[in-house]
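Colleague: I am new to reading models like this one. Could we go through its pockets, its cavity and its surface by question and answer?

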Amino acid sequence: MQIIGITGGIGSGKSTVAKIFSLLGIPVYSADDAAKEIMVNDPLLVSQIRAHFGDAAYFDDGSLNRKHISNIVFADKEQLAVLNSLVHPATIRDSEAWARRQTSPYVLKEAALMYETESFHHVDKVIVVSAPQAMRIQRVMKRDGVDRNAVLARMHKQLDEAIKLKLADYVIYNDEQQMVIPQVLSLHRQLLSF
């Protein structure tokens, strides 16, 4: 079975594209959603986070104190790197275990930071969902109710889209000029043929 990564810059529509694949019967692993679960449910990761960020990283009921961790990691890039160095390997392990349990011809692993975290080394191919920056900014402003500067700040934390496109094995254009569903269907048929 092949594990196909799917990524794209914020506002590109990668989650929407992943949902289309899901409707075709392809299992989709959302690394971002899984990471939130793993940070609470993986005993090794929980102990590592507690050891580095203190007991205040978790509430008494075992839930993650996101505000505490956010205050630390967004004020200090080194602390963010430490958190990522703990969470990303745990997510990769979890996604690989999940993929082994699937029975479809291929699965998708959706991750916003596929190249930034080098998790692309743990997939067979990568799909990049692409959209023009102005369109992406408008989508995120509308979706998240934030201003342009907040969106740009998030974008600057991600790898430049031009680099992602060069590294991609496949590209799906979500630019409102080309229809997305026919692109997904074509790629789906191609992936099934392997």
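**Pockets, cavity and surface**

Modeller: The largest pocket has a lining of 50 residues, and nearest its centre lie Asp32, Lys36, Ala112, Leu113 and Gln158. Keep in mind that this is a predicted model.

Colleague: Which element gives the most to the lining of the largest pocket?

Modeller: Several elements take part with at least two residues each, among them α1 (14-23), α2 (31-41), α5 (77-100) and β3 (106-110). The top contributor supplies 9 residues to that lining, and it is α5.

Colleague: What volume does the largest pocket have?

Modeller: Its lining residues divide by class into 20 nonpolar, 17 polar and 13 charged. The space they line has a volume of about 1800 Å³.

Colleague: Which elements give two or more residues to the lining of the second largest pocket?

Modeller: The second largest pocket has a volume of about 200 Å³. Its lining includes Gln133, Arg136, Glu161 and Lys164. The elements that give two or more residues to this lining are α6 and α8 (161-167).

Colleague: How many charged residues does the lining of the second largest pocket have?

Modeller: Among the lining residues are Arg136, Asp160, Glu161 and Lys164, and Asp, Glu, Lys and Arg count as charged. The nonpolar class has 4 residues and the polar class has 4. For the charged class the number is 4.

Colleague: How many cavities of 30 Å³ or more does the structure hold?

Modeller: The largest cavity has a volume of about 40 Å³. The number of cavities at or above the 30 Å³ cut-off is 1.

Colleague: Which elements give two or more residues to the lining of the largest cavity?

Modeller: The lining of the largest cavity consists of Ile3, Tyr29, Ser95, Trp98, Ala99, Val107, Leu108, Lys109 and His122. By class, 6 of these are nonpolar, 2 polar and 1 charged. The elements with two or more residues in this lining are α5 and β3.

Colleague: Which residues make the nonpolar surface patch of about 220 Å²?

Modeller: One member of the patch, Leu185, lies in helix α9 (residues 180-192). The complete set of residues making the patch is Leu24, Ile181 and Leu185.

Colleague: What is the relative accessible area of leucine 185?

Modeller: Buried means under 20% and exposed means over 50%, with partly exposed in between. Leucine 185 falls in the class between these limits, so it is called partly exposed, and its relative accessible area is 30%.

Methods. Residues numbered from 1 in each chain as written. Predicted model: local features only at pLDDT ≥ 70, side-chain atom pairs only at ≥ 80, totals over all residues. Heavy atoms only, no water. 1 Å grid on protein atoms, 1.4 Å probe; cavity = no way out; pocket = protein on both sides within 12 Å on 5 of 7 lines; lining within 4 Å. Points joined across faces, edges and corners; volume = space filled by probe spheres on them. Helix = DSSP H or I, 4+ residues; strand = E, 2+ residues; numbered from the N terminus. Patch = residues over 30% accessible without salt bridge, like charges linked within 9 Å, V, L, I, M, F, W, Y side chains within 5 Å. Areas by Shrake-Rupley, 256 points an atom, 1.4 Å probe, with all protein chains shown as cover. Salt bridge = Lys/Arg side-chain N within 4 Å of Asp/Glu carboxyl O. Buried < 20%, exposed > 50% of the residue type's maximum accessible area, 1.4 Å probe, protein only.
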